Every structure is written in structure tokens, then in C-alpha cells.
Amino acid sequence: MVLALAVVIGAAGAVLAAYVAHLARPATEDVATSVVRVSSVSTPIVTVATTVPVSAMQGVVQLVLPGRDHTRSGTAAAMSTGQLVTSAEAVAGVTAVTAVMPDGTEQQATVVWVDTASGTAVLEVAEPTPTLASGQAATLDPGDPVTAAGTNTLGEVVAVGVEATADDGTHMEHLLRLRMEQPVDFGAVLLDEGGRAVGICIGQDSEDTSTMLAAPIELAKAAIGTPGVNGTRPLAWLGLTGRTATAEDVAAPETTVPPPASSDGSPSTQDTSPPTTEAATTTSAAPPTAQPAPASAPKPSEPVRGAYVEAVDRDGPAARAGVQEGDVVVAVDDVPVSSMNALILLVRERRAGRSVHLTLVRDGETIEVDAVLRRRPPTT
């Protein structure tokens, strides 16, 4: 089926080509893949009570979308003053929609930007509206519960780091796969247990109407703001590549003690037992004892979580901050990093020029560094 992202953008009336998603090869071993499908069934505006407190609904906006024979409904999140984020599919084929604010007032919203990499669209409204309290999709794991804002529809995270590819070669990356109790609107805002936004539903996954794909809230944040060259949004860049860490990546190296050298510098072949001293209480050598692992090294029973650095761009922010190949990034600004996908999301939501605090594990020891993010350089 077709994920129709044919959207007329702004007054210029530029048209984004139809977007057909199909199965993609994973970019890394920890990236899931997906076929993106959407339902053509229109749904009314949902007004049923939510299980999340009403105060958490601040910043959730309902959309009334024009159609040939009838209106459609959708949902958007107020991510910044005067800017809303919804699914690109929700606004397919229109330039303006009616935005119904949480207090019941209405505004005209204009589609100004479509981010094909995440399947989201940005709309602008004239009157400012309270913004949404956002959480961190980067900290989500399979099995975590979610709720569609403004409804009582519950669901759970099935997979993180899902990737799909369009027929024109455009990729949709770092998505969430969800299983919902029932279908939800395009653009439905996903909330975590604390009522914080963690994603925007962008389409249906395969033929199962209860399985959805969502753009993490970090990608929605990256889509808003002041556009760059040709209307694109400049992305923050750390300058490293890697994968999700394994137990071997974070284990402390074994400590070996070389034998004492002889007078000529060569290894001694004589007995290496420690000599007796006046302070000694026995003349026999004490049995060797294992050296304790550094406090920063995870215990065997602890799950391994982090992003293993495989390569560092020599001119990038990470290299300038002192990040090295073989390091494991375990936190960004004290937010835990569970995988390479989580690290990418945490960097993506931040702006170029901002300093981020990285917590690394190197040879079993914890290291703290600061890196100043830059704009992602153009690909050649």
C-alpha cells in the first residue's frame, strides 16, 4: 500500500512526490525494518476521556482536515510557539487545516514543511498555543506502555530503531513500532506513563491495523524551528558511528603483572615470591587475590546498555572532545543511552552549537567529556 505524502507546501505550492514505503535492509544489526502502510478509512474527531490527567493534554491539538466529500480528523502536537507537528499522511494533499485548540478555540494552520526522513509535517498557526510536555523516546524499550493522547487507547512499544525506505530512495529511520488496542488517528500523540509525549503516529505497519509506526518525539523536535538552505532543517552532528554495545565492549581489561626484571633488563627466571620483611607476619607468600573491577564497570548481572563507538570523524565534535574508537557512550546530558539508536535520537533533538555532556566507558573506567555539536556536513 501507499504511504501518501503528496503535500502541497506553503504559498509556492511545491508538491512533494507520493511516498511509497517498502521493506528496507537494516543499516546496522540492531535496526529493525518495516513496511509502512496506512489506512484509507477516515475517522471522526475523538472526544472520549483519556486515562492520562487532563493537565497532560496541554499542547495536544485536534485537526479538522478538508476532503472532497467529507472532513477527516487528525491530531498534532504543539512543539514550539506557533508550530505544530503531525503525521505527513494526515495533511496529505492540503495546504491549510483547522486546528482545534485544547480550550475549544479554532485557528487556521498552514503546512510549511514535510520531513520525509521521519514521516512528519510541520504546521504554523498565528496565535501561540501552550506547548506539549515532551519526554524521551530514546529511553523506551520494547514492552513499555504508551497511550494515545485524547483517547483511552492503550498500547505498547514493540520495537525501536525501525527503518523504512521510499521508492525514491528516501529513508525513514529510527522509528517506533507500536501495538495499539485499536487504530488511532494519523498524527496521534503518544504519551508515556507520566503523560509526556514520546512519539507521533505516522502510519499503519503492514496489514495489521493495530500495529502502527511512530516518529520519536526527538525527530519531531528536529523538524521544527527556523529552516535552513532550500527550506531544510539543519541537523545536529556529533561525528561518530557505531552500534549497540555488547558485554565485551564494556568489560574491564584483565590486569597482568609482569615478572620482575633482572639486572640486565631481561625477565627474571628466579622465584618471584615476595621477600620477607621485618613487617611480615609470615614467611610464606600470600596466595594471589583477584583485583576488584573498577566501580564504573557493569556487574555481570547488570544489562549492557550503551553505544559502542566504531569510528570517529577526525574533524568532528566527538573527536575534538576526546571521544575515541572503542569508547561506549552510556549517557548524554545524564540521560541514559541504551543503544546506538538512542544516542542518535538524543543528538538529533538538540541544536547545532549546543554543548552536550557525554558519559563514556573506556577500558572499564568512566570518563566525562563535553562536545559542541555542529551542523551535519553535506554528503558527497
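## Close-up views of a predicted model

Figure 1. Not counting residues up to four places away in sequence, Pro142 touches Val157, Val158 and Ala159. The model shown here and in the other views is predicted. Pro142 sits in the loop between β10 and β11 (145–148). Pro142 and Val158 are 16 residues apart in sequence, yet their C-alpha atoms are 4.9 Å apart in space. Is Pro142 buried or exposed? Pro142 has a relative accessible area of 51%, so it counts as exposed.

**Figure 2. The salt bridge between Asp141 and Arg305.** The side chains of these two residues meet at 3.2 Å, N to O. Asp141 lies in the loop between β10 and β11, and Arg305 in the loop between α2 and β19 (307–312). The pair therefore ties together parts that are 164 residues apart in sequence. Asp141 is partly exposed, at 25% relative accessibility. Arg305 is also partly exposed, at 37%. A search of the whole structure finds ten salt bridges.

Figure 3. A salt bridge of 3.1 Å, N to O, joins the side chains of Asp333 and Arg350. Asp333 is in the loop between β20 (328–332) and β21 (335–336), while Arg350 is in the loop between α4 and β22 (355–362). The contact thus ties together parts that are 17 residues apart in sequence. Asp333 is partly exposed at 22% relative accessibility. Arg350 is buried, with a relative accessible area of 8%. Salt bridges with shared partners link Lys221, Asp333, Glu349, Arg350 and Arg354 into one network.

**Figure 4. The salt bridge between Arg196 and Asp192.** The closest N and O atoms of this pair are 3.3 Å apart. Arg196 counts as partly exposed, at 39% relative accessibility. Asp192 counts as buried, at 12%.

**Figure 5. Asp249 in helix α2.** Asp249 belongs to helix α2 (residues 247–250). Its relative accessibility is 17%, so Asp249 counts as buried. Which side chain joins that of Asp249 in a polar contact of 2.7 Å? The partner is Arg243. A polar atom of the Asp249 side chain also lies 2.8 Å from the backbone nitrogen of Thr246. Leaving aside neighbours within four places in sequence, Asp249 is in contact with Arg243, Thr244, Tyr308 and Val328.

**Figure 6. The largest nonpolar core.** This core has 34 residues. Leu238, Val323, Leu343 and Leu358 touch the most other members. Helix α4 (residues 340–348) supplies the largest share, six residues. A second, separate core has 20 residues, among them Leu63, Ala88, Met101 and Val125. Val323 is in contact with Leu240, Val309, Val312, Ala318, Leu358, Leu360, Arg362 and Val369, leaving aside its neighbours within four places in sequence.

Figure 7. How many of the nine residues of α4 are buried? Eight are, and the helix is mostly covered. The buried residues are Met340, Asn341, Ala342, Leu343, Leu345, Leu346, Val347 and Arg348. Ser339 caps the N-terminal end of α4. A side-chain oxygen of Ser339 lies 3.4 Å from the backbone nitrogen of Asn341.

Figure 8. Strand β7 (residues 83–87) is mostly covered, with five of its five residues buried. Strand β6 (residues 72–80) runs antiparallel to β7 and is joined to it by three bridges. Ala78 stands opposite Leu84 in β7. The two strands β6 and β7 form a hairpin with two residues between them. In the turn, Gly82 has a positive phi of about 80°. Strand β10 (residues 120–125) is also antiparallel to β7, with five bridges joining the pair. Ala121 in β10 is the bridge partner of Thr86.

**Figure 9. The chain as a whole, for context.** The secondary structure comes to four helices and 24 strands. Of the 380 residues in the chain, 45% count as buried. Among contacts with a separation of 6 or more, 63% are between residues 24 or more positions apart. The chain exposes about 19000 Å², with carbon and sulfur atoms supplying 52% of it.

Technical notes:
Residues are numbered from 1 along each chain as its sequence is written. This is a predicted model: local features need pLDDT of at least 70, side-chain atom pairs count only at pLDDT 80 or more; totals for chains, interfaces and linings use all residues. Side-chain values use heavy atoms; hydrogens and water are left out. Buried means under 20% relative accessible area, exposed over 50%, partly exposed in between (1.4 Å probe, protein chains only). A polar contact is a pair of N or O atoms within 3.5 Å; within protein, one must be able to donate a hydrogen and the other to accept it, and residues adjacent in sequence count only if both atoms are side-chain atoms. Contact means heavy atoms within 4.5 Å. A nonpolar core is a set of buried Ala, Val, Leu, Ile, Met, Phe, Trp, Tyr and Cys residues joined through side-chain atoms within 4.5 Å. Two strands pair if DSSP finds at least two bridges between them. Accessible areas come from the Shrake-Rupley method with a 1.4 Å probe; for residues, only the protein chains shown count as cover. A salt bridge is a side-chain nitrogen of Lys or Arg within 4 Å of a carboxyl oxygen of Asp or Glu.
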